[in-house]
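Please read this report with the sequence and the 3D view side by side, since it moves between pockets, helix packing and individual residues.

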Amino acid sequence: MDIVLLVKAAVMGIVEGLTEFLPISSTGHLILAGSLLGFDDDKAKVFDIAIQTGAIFAVILVYWQKIKSTVVALPRQPKAQRLALNIFIGFLPAVVLGLLFGKVIKAHLFIPTVVASTFIIGGFIILWAEKRPPGSVRVEHVDDMTPWDALKVGLVQCFAMIPGTSRSGSTIIGGMLLGLSRQAATDFSFFLAIPTLIGAGVYSLYKERALLSVADIPLFAVGLAFSFVSAWLCVRWLLRYISTHNFIPFAWYRIAFGIVVLATAWSGAVVWAD
């Protein structure tokens, strides 16, 4: 295996892990990083989706006690049953819309200029969400969510199929706009990520299996490992961060980064691959 290729896989894994659960779009950052590294062919696109599984294992580790207690209590505890049902309901819209429109979106929207534009738009949406009045929270804890709440968050998550939007940003900020507390929206976003991203990774690997071979195992292993470690660090940091801070810094980061990408693309200073 080419050492340079393994280094690129490690860099992409770090990018995935650090951005997957922040409201700044991991897919967008992977598209831009892949463009700069020359790691953006069809196999690289499968790689980008597959290494999300490493980030999900980090969430499972961080939330292991909650996940374990929920699974154990499923046969007898209504609260555990409601959480499991809510995750299933929230997961369904992404499955349906992803199967219907995923191929078209990948063919036409996975380009740097689209990513940059959605970075900027998403940043302004976060600024707007953070200006909501203090009394607008009606769901303080993830266990208090109703199936209707879960469906609405699941529908909002589908906006993340547009690269640069951010799955975590859609679910967290969307959840807050729908009346969830910052903590409840973040927790549900993480729980919803488990079936969503594992499902996307397995489906992508199966669908594009003809592109892959045994020789690709080291490449994917390196990406998964670095994605796992960086995501574990990022999730632990984010859970501490949201207890005392808002998402406004991420909004300004999105806007500034999007402007830089558009400016460099239009000026020719950076040749972003389409």
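Predicted model: local features only at pLDDT ≥ 70, side-chain atom pairs only at ≥ 80, totals over all residues.

**Pockets**

| Pocket | Volume | Lining by class |
|---|---|---|
| Largest pocket | about 1100 Å³ | 22 nonpolar, twelve polar and nine charged residues |
| Second largest pocket | about 350 Å³ | ten nonpolar, six polar and one charged residues |

The largest pocket has a volume of about 1100 Å³, and among the 43 residues that line this pocket, I49, K106, F110, M161 and A200 are the closest to its centre. Helix 2 (26-37), helix 3 (42-50), helix 6 (78-109) and helix 10 each contribute at least two residues to this lining, and helix 6 gives the most, with eleven residues.

The second largest pocket, with a volume of about 350 Å³, is lined by 17 residues, of which G122, I125, F159, T165 and S170 are the closest to its centre. Two or more residues of the lining of the second largest pocket come from helix 7 (112-129) and likewise from helix 9 (167-177).

**Packing of helix 10 with helix 11**

Helix 10 (residues 182-207) packs with helix 11 (residues 217-241) at an angle of about 170°, and the axes of the two helices lie 13 Å apart. Angles over 145 degrees count as roughly antiparallel, and helix 10 and helix 11 are therefore roughly antiparallel to each other. The contact brings Q183, T186, D187, F190 and L205 of helix 10 against F220, V235, L238 and L239 of helix 11, and by class it is made up of six nonpolar, two polar and one charged residues.

I126 is found in helix 7. Is I126 buried or exposed? With a relative accessible area of 3%, I126 is buried, because residues under 20% relative accessible area count as buried. Leaving aside residues up to four places away in sequence, I126 touches P23, I173, F247, A251 and R254. I126 and F250 are 124 residues apart in sequence, while in space they are 8.2 Å apart, C-alpha to C-alpha.

Key: Residues numbered from 1 in each chain as written. Heavy atoms only, no water. Axes fitted to C-alpha atoms, helices over the stretch in contact; angles between N-to-C directions. Helix = DSSP H or I, 4+ residues; strand = E, 2+ residues; numbered from the N terminus. Parallel < 35°, antiparallel > 145°, perpendicular 65-115°, else oblique. Contact = heavy atoms within 4.5 Å. Nonpolar A, V, L, I, M, F, W, Y, C, P; charged D, E, K, R; others polar. 1 Å grid on protein atoms, 1.4 Å probe; cavity = no way out; pocket = protein on both sides within 12 Å on 5 of 7 lines; lining within 4 Å. Points joined across faces, edges and corners; volume = space filled by probe spheres on them. Buried < 20%, exposed > 50% of the residue type's maximum accessible area, 1.4 Å probe, protein only.
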